[in-house]
Amino acid sequence: MSETINDRTVFSLLEVTKSIQKTLNERYKSSFWVKTEMNKLNLYSHSGHCYPDLIEKKDGKVIAQIRAHLWKDDYTRIDNNFRQILKEPLKDGIKILFQAKISFDPAYGLALLIMDIDPSYTLGDLEREKQETIKRLKEEGIYHKNKSLTLPLLPQRIAIISVETSKGYADFLKVIESNAWNYKFFCHLFPSLLQGEKAVGSISRQLKRIKEVMHHFDVVAIIRGGGGDVGLSCYNNYQLAKEIALFPLPVITGIGHATNETVIEMISFANAITPTKLAEYLLQKFHNFSVPVREAEKKITEKAKRLLSEEKVKFLSEIKLFRSVSRQILMANRNEAANLTKSFLRHTQFIFRNEADCLRTAQTKIIIQSGHRFKNSLLELNSMEKNVSNMSPENVLKRGYSITFLDGRAVKSISQVKNGDTLHTSLFEGSITSILNQINKKNDNE
């Protein structure tokens, strides 16, 4: 009830709020449809109720905002509907078209009571975002950038962005590590969220980490499995798509869904419908290399065997020919050698006979000439012996000559002696010792 205070009609706050409630209830009796952006879902897990923050923006500025109520049963129904149609849950940051009624409570204030949300409107908005991302990438000339890279002939070193506990990651490793051909790979996990609004930032951070050590890897694999088609809107995000398009290593994807292709899958170097198919894609690269090598090995082996066989036949044929020709040559040479031997013996005998006659003639001449020479030499020797005998000191002394010695040495010149020297004179019959008293030199004129 209102009251009067100082001639003024005064209402209590409850009266005012109830009046507002009555007015709104009379004015907004039926529900209506509203389009807006759900900034925050504000789901309270203990109660199951949601209290979304709804906003409208223009040129990036908030021009209207209001709080809403979404009760548990309605939230469960609407969220299931979103998951079936959009393949995404009801979440923050999406544009919605919802059916609502005005709700005003004196204790809690004004709010919109959400009764239903049309997922087709949100689906159209997500598709618009996807097409806008594709358009921007093409306008910037980077849509095919990652596809233009060259994948190594044998991509063995794989940087994996995935959740360590995901089934898709486990399936990928099982196929890669247990392949029947024993191909060897090096895989390193860079753990990341792969769905929801936080997935974009998480994947981007891991891409930056990989870029810092990119020289250790050949390819980047984004692997998501076990989540069906739910939570894929992050793979249409422009910033994430741009990072992957410009990434310096080939990026391959296996994010495990079978419906509409996301932008990330479109612009990546290669993509597969499941992580298992992605692993098979890498194994196929090894097949593409190993199968021709094995076929070439087989062809080389077969050709080598064939060549060896052919050469062996040729070699055996050459051996037979060589033996036959060798025998003929040996027989011809043997006959020629026998004839030459006989001829050599005849010529040798003839030469020996001629040389024997010459030797006998020479021997006779040598004997005759030697006899004459011996006789002449003997006469010369006898003459020389006689002269030597005549010239011996004894024979000289016999003929009346003497030899004078001074100090044991024969005196040949008077210059060797002087007065007073003791001289020894040898004669045939004996010797005389004398002292020199006088020296008479022979004049040149005498």
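Is Thr364 buried, exposed or partly exposed? This is a predicted model, where local features need pLDDT of at least 70 and side-chain atom pairs count only at pLDDT 80 or more, while totals for chains, interfaces and linings use all residues. Residues are numbered from 1 along each chain as its sequence is written, and side-chain values use heavy atoms, leaving out hydrogens and water.

Back to Thr364: its relative accessibility is 44%, so it counts as partly exposed (buried is under 20% relative accessible area, exposed over 50%, partly exposed in between, with a 1.4 Å probe and protein chains only). Thr364 belongs to helix α8, residues 275-390 (helices are DSSP runs of H or I with at least four residues, strands runs of E with at least two, numbered from the N terminus). From Thr364 to Arg136 there are 228 residues in sequence and 132 Å in space, C-alpha to C-alpha.

Now look at helices α5 (residues 199-212) and α6 (residues 238-245), which pack at about 20° with axes 10 Å apart; axes are lines fitted to C-alpha atoms over the stretch in contact, and angles run from 0 to 180 degrees between N-to-C directions. The pair is therefore roughly parallel, a label for angles under 35 degrees. On the α5 side, Val200, Ile203, Ser204, Leu207 and Lys208 meet Leu240, Glu243 and Ile244 of α6, contact meaning heavy atoms within 4.5 Å.

Over in the strands, β6 (residues 94-105) pairs with β7 in the antiparallel sense over eight bridges, pairing requiring at least two DSSP bridges between strands. Phe104 stands opposite Leu110 in β7, and three residues separate β6 and β7 in their hairpin.

Methods:
Angles under 35 degrees count as roughly parallel, over 145 as roughly antiparallel, 65 to 115 as roughly perpendicular and the rest as oblique.
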